[in-house]
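Please look over the sequence and structure shown here.

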Amino acid sequence: MDYEDILYDVRDGAAWITINRPEKMNAFRGRTCDELIHAINRAGYAPDIGVIVLAGAGDKAFCTGGDQSAHAGQYDGRGTIGLPMEELHSAIRDVPKPVIARVQGYAIGGGNVLCTICDITIASDKAVFGQVGPKVGSVDPGYGTAYLARVVGEKKAREIWYLCRRYPASEALAMGLVNAVVPHEQLDDEVTRWCAEIMEKSPTAIAIAKRSFNMDTAHQAGIAGMGMYALKLYYDTEESREGVRAFQEKRKPDFRRYAK
């Protein structure tokens with residue numbers, strides 16, 4: 001595959017996969033997801049790769065979720081909602097290599113979900129985390145909710161989704177959403193150190209450990225699959241479309257006008 005939306009680079013046994021859409025705050029469209037799936041599987045089953053780093057280009061954003069300019073009741077790609085989200089999330093979980101999220105800025109919406117699903121998250125002290133779905137007529141009814149509750153606890157996960165607040169890196173660390181926070185200029189060095197430590201370990205042992213961790217939440221794939229069908233039905237409503245319109249028009253949405 002010729003990559004247009006991402007960059008792929010190998011550094012000392014670590015595959016760095018970077019969403020390269022800084023002009024869109026690294027929001028993903030259909031093509032972005034397809035390229036990420038391809039690159040993650042490419043790295044995940046390459047014998048010379050021991051760890052995968054998922055990153056975002058530029059200084060402003062790791063990823064801000066689905067590209068709203070490519071969303072008009074259905075995104076512009078394949079899959080239930082026009083984005084193969086179930087497949088992307090499964091790719092991150094299923095590859096037998098640890099996936100590290102390198103977060104230098106905003107990890108919002110679907111970007112926050114990617115951080116949640118990655119095995120490890122390392123953040124700059126400038127990183128900001130949070131959800132946005134209920135503000136723009138969307139939600140992640142799979143790993144982004146069910147697995148998030150496993151990571152940060154049920155009460156905190158509900159707060160994150162119901163209020164759509166922003167959380168600085170220090171607060172994300174305290175709630176268990178990230179593993180480490182370092183000064184912004186030290187982020188790449190810190191990620192590289194973690195990669196080097198992983199590369200010293202038995203790849204088979206790590207693969208077994210990852211599979212074992214995943215077994216406990218494997219049923220959530222079914223929740224995600226069913227949830228995406230519910231989300232598609234929601235996207236077909238005027239209530240959801242009001243969120244997209246309001247975002248594009250830079251105004252506050254009036255959801256209750258359309259709620260039934």
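The points below cover the sheet, then a pair of helices. This is a predicted model, in which local features need pLDDT of at least 70 and side-chain atom pairs count only at pLDDT 80 or more, while totals for chains, interfaces and linings use all residues. Residues are numbered from 1 along each chain as its sequence is written, and side-chain values use heavy atoms, with hydrogens and water left out.

**Sheet**
- An open sheet with mixed pairing is formed by six strands in the order E1-E2-E3-E5-E7-E10; strands (E, at least two residues) and helices (H or I, at least four) are DSSP runs numbered from the N terminus, and two strands pair if DSSP finds at least two bridges between them.
- Strand E1 (6–11) and strand E10 (180–182) are at the edges with a single partner strand each, so one side of each has no neighbour in the sheet.
- From one strand to the next, the twist averages 20°; angles run from 0 to 180 degrees between N-to-C directions, with axes fitted to C-alpha atoms, for helices over the stretch in contact.
- Strands E5 (residues 99–103) and E7 (residues 120–124) run parallel and are joined by four bridges.
- Valine 103 has alanine 123 in E7 as its bridge partner.

**Helices**
- Helix H1 (residues 30–44) packs on the sheet and touches E1, strand E2 (14–19) and strand E3 (51–56); contact means heavy atoms within 4.5 Å.
- Helix H2 (residues 85–94) and helix H3 (residues 110–117) have axes that come within 10 Å and cross at roughly 25°.
- That makes H2 roughly parallel to H3, a term for angles under 35 degrees.
- Leu88, His89, Ile92 and Arg93 of H2 make the contact with Val113, Leu114 and Ile117 of H3.

Note on methods: Angles under 35 degrees count as roughly parallel, over 145 as roughly antiparallel, 65 to 115 as roughly perpendicular and the rest as oblique.
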